[in-house]
Amino acid sequence: MTSPFTLHSQASDCAARRGEVRTLHGTVQTPVFMPVGTQATVKGVTPENLKELGAQIILGNTYHLYIRPGHELIRSFGGLHKFMNWDQPILTDSGGFQIFSLKDLTKITEEGAAFKSHLDGSKLFLSPEDAVAVQEALGSDIMMCLDTCIPYPATREEAIASTDLTGRWAKRSRAAHKERGQLLFGIIQGGMYPDLRAKAVEELVEVGFDGYALGGLSVGEPAELMMEITEEIAALMPADYPRYLMGVGTPENLVEAVYRGIDMFDCVMPTRNARNGMLFTSSGRLVIKNARHQDDQRPVDEECDCYTCRHYSRAYLRHLFMAREILSSQLNTIHNLHYYVGLMARIRKAIEEDRFAQFRQEFYAKRTVE
Ligand SMILES: NCc1cc(CSc2ccccc2)c2nc(N)[nH]c(=O)c2c1
Ligand SMILES: [Zn+2]
């Protein structure tokens, strides 16, 4: 197994590292934040907007695209890149998390997941092999194994059963993945039990994947516990392969997880919060509908050079939000994604210059408003 990851520099005073992941559609500089585009679009922005704000790689989702418009239709368009006019790397999640979020609509057996479409209630089924086949049809650069995401809290017995099943499914996913160009990542489950997670790492490395993801975190557990597990398990994940922390997180979570050795992140927070009028800035969060912004001529963040901050005032953004204008979502999303992608660019530079621990201190010192 040759790794798609190259390590460029390792911080001298923490686990942070600077690297790159080679994929069919280009090389991704890490640490990296990946905007979420569940239904073949990053909501509210165009591929040109994404390139302008610096996005390197985006996420799609097997479950959603499988039920609508269907992976065979997307295959007939030459795959997801052509269908959505995005010619850079795409990572697709296996749908494991979304299927289990459907709760009582889902039945798990050794064979796979039987579930009802959240759109029309039709009965569907995905085996680990099906999830690989769907992602091969989508042509994503990085595919994820179908996994079972353990709820929080869960008993040790529930965690053992679910993690063991995820491990057996991972073996089947690896065996089903013929197309070598696309990368396949294994997902580490284990609930809040470090020993189960350590065993899962060993088993996945034995099978052999192109990268390893920490799943089953940010599922309602305290942030401290999420970081404890991330720190302990990241240290056990192969250093010469990409480490991906799924569905995480706030800007603070990203800084803390990079500090502990994580390379890749995704989260709906910058895009979802943008649509709800919650904006990220270098000094903290800003709620645009707050009356204090009504006549404020300043941009959202005077340290930001995104399209939104270069052309629009807080007053105008508040007006758009109060008027429920479509442009509100577009401009707020451009700013929030630019903030997240820009934060990772500043993190990469700090690691290159071996001053990440200092960067981390300065990052917190500037966060005044909540
Ligand atoms: N709560 C974190 C989280 C998020 C996602 C989803 S990441 C995502 C979301 C939308 C689109 C693409 C990827 C997960 N996906 C899988 N397969 N397993 C997990 O344990 C897990 C945990
Ligand atoms: Zn901005």
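**View 1. Gly216 and the residues it touches.** Leaving out residues up to four places away in sequence, Gly216 touches Cys149, Gln189, Met192 and Arg197, where a contact means heavy atoms within 4.5 Å. Keep in mind that this is a predicted model, in which local features need pLDDT of at least 70, side-chain atom pairs count only at pLDDT 80 or more, and totals for chains, interfaces and linings use all residues. Gly216 lies in the loop between strand S12 (211–214) and helix H9 (223–234); helices (H or I, at least four residues) and strands (E, at least two) are DSSP runs, numbered from the N terminus. With a relative accessible area of 7%, Gly216 is buried (under 20% relative accessible area; exposed is over 50%, partly exposed in between; 1.4 Å probe, protein chains only).

**View 2. Gly95 in its loop.** Here the loop runs between strand S6 (90–93) and helix H5 (96–101). Gly95 is counted as buried because its relative accessibility is 0%. Setting aside residues up to four places away in sequence, Gly95 touches Asn61, Thr62 and Tyr63.

**View 3. The UniProt "binding site".** An unreviewed UniProt entry puts this feature at Asp93, Ser94, Gly95, Gly96, Phe97, Asp147, Gln189 and Gly216. UniProt positions follow the numbering used here, feature names are shortened, and annotations may be inferred rather than shown by experiment.

**View 4. Gly70, between two helices.** Gly70 sits in the loop joining helix H2 (62–67) to helix H3 (71–76), and it counts as buried at 13% relative accessibility. Gly70 and Leu320 are 250 residues apart along the chain, and their C-alpha atoms are separated by 35 Å. Residues are numbered from 1 along each chain as its sequence is written, chains are lettered from A and ligands numbered from 1 in the order in which they are written, and side-chain values use heavy atoms, with hydrogens and water left out.
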